[in-house]
Amino acid sequence: MQLDLGSDPRTDVLRRLQAALIQRFGRIIRPPDKRRSPEWVLVHGVIGAQTKTAASNASTDGLLEEFGNWDAVAEVPVDKLESRLQRQTFPSVAAQRLSDCLNAIVEERGSVDLRHLSNLPTEEAIAWLETLPGVARKNSAGVMNASTLNRKAMVIDGHHRRIMQRMGIVPAKADTAKTYNALMPIVPNEWSAEDMDEHHLLLKKLGQTFCRPRKAECEGCPARADCQTGTQSSPAR
Ligand code: SF4
């Protein structure tokens, strides 16, 4: 549930953070023609563990190009899927998860078709997605936010979670679902689904540059003024 505007100081931190990141990195807006179908985003997430986005993009596009539609992919034997998922870091795991997930959708919906999600409230749709094999919060939120559904749902990857933890916005040991649950009520009310997508993409950029997994380069980091770790390491400029 959204809190009243201004009722949590972390909401203003998120506003300042967004402005500082845009000032440093520029706008990172996903063009409307880069929004893929919910089914494409789901598949991309299910096969994407520990794999670079570009490789998962190519694998997902490759499956669709070869087999024509997701119902046909659901019928492909797992060993054949595995041979088509060699770009993925764990091809056999990706193939099994994909087969299980697509077939669970066919069993429940009759075909690999997620149009019913557009009729559900976002949190209900996320809960439904997470009943599918291999689907956790990062992927379910991605289906709702980064696809043509374009809903207000925060997509949280490892970069995003680590930065929120180091900044002290979410608890240090929060997993993805806990991070999501902590962030959603404090997202500024005025942010659109596109703003939330851009926020995630900007944090990914921050995580690849200043706030890297093994070493935080707090000196010069655009988030430092509002960061618990950055301000404790030495005085912020
Ligand atoms: S100030 Fe340091 S810990 Fe905080 S977000 Fe920036 S790099 Fe990460």
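Helices (H or I, at least four residues) and strands (E, at least two) are taken here as DSSP runs, numbered from the N terminus. The structure is a predicted model, in which local features need pLDDT of at least 70 and side-chain atom pairs count only at pLDDT 80 or more, whereas totals for chains, interfaces and linings use all residues. Residues are numbered from 1 along each chain as its sequence is written.

The protein chain is divided into domain 1 (9–28 + 156–233) and domain 2 (36–145), with bounds that come from an automatic or database domain assignment. The C-alpha centres of the two domains lie 27 Å apart. Eight residues from domain 1 and five residues from domain 2 make up the contact, two residues being in contact if their C-beta atoms, placed from the backbone, lie within 7 Å. On the side of domain 1 that touches domain 2, α10 (176–183) and α11 (193–209) are the elements that give two or more residues. That side of domain 1 comprises five nonpolar, one polar and two charged residues. In this classification Ala, Val, Leu, Ile, Met, Phe, Trp, Tyr, Cys and Pro count as nonpolar, Asp, Glu, Lys and Arg as charged, and the others, Gly among them, as polar.

The largest nonpolar core has 56 residues, and those with the most contacts inside it are V43, L98, L102, A141, M154 and L206. Such a core is a set of buried Ala, Val, Leu, Ile, Met, Phe, Trp, Tyr and Cys residues joined through C-beta atoms within 7 Å. A residue is buried if 20 or more other C-beta atoms lie within 10 Å of its own, exposed if 12 or fewer, and partly exposed in between, with C-beta atoms placed from the backbone. Helix α6 (residues 91–109) gives the most to this core, with six residues. Domain 1 and domain 2 each contribute at least three residues to the core.

Helix α6 has 19 residues and reaches 27 Å from its first C-alpha to its last, close to the 27 Å expected at 1.5 Å a residue; the expected span is 1.5 Å times one less than the number of residues. The buried residues of α6 are A94, A95, R97, L98, S99, C101, L102 and I105. Their cover includes α2 (38–46), α4 (70–74) and α5 (78–84). Leaving aside neighbours within four places in sequence, L102 is in contact with W70, V73, A74 and V112. I105, which also lies in α6, counts as buried because it has 21 C-beta neighbours inside 10 Å. Beyond its neighbours within four places in sequence, I105 is in contact with V112 and L132. The helix is followed by G110, whose phi is positive, near 95°.

Helix α8 (residues 137–145) is mostly covered, with nine of its nine residues buried. These buried residues pack against α2, α7 (122–129), α10 and α11.

Around the ligand there are 14 residues, of which C211, C218, C221, C227 and G230 come nearest; a residue is near a molecule if its C-beta atom, placed from the backbone, lies within 6 Å of it. At least two residues of this shell are supplied by each of α9 (158–167) and α12 (228–233). The largest share, three residues, comes from α9. By class, the shell has nine nonpolar, two polar and three charged residues.
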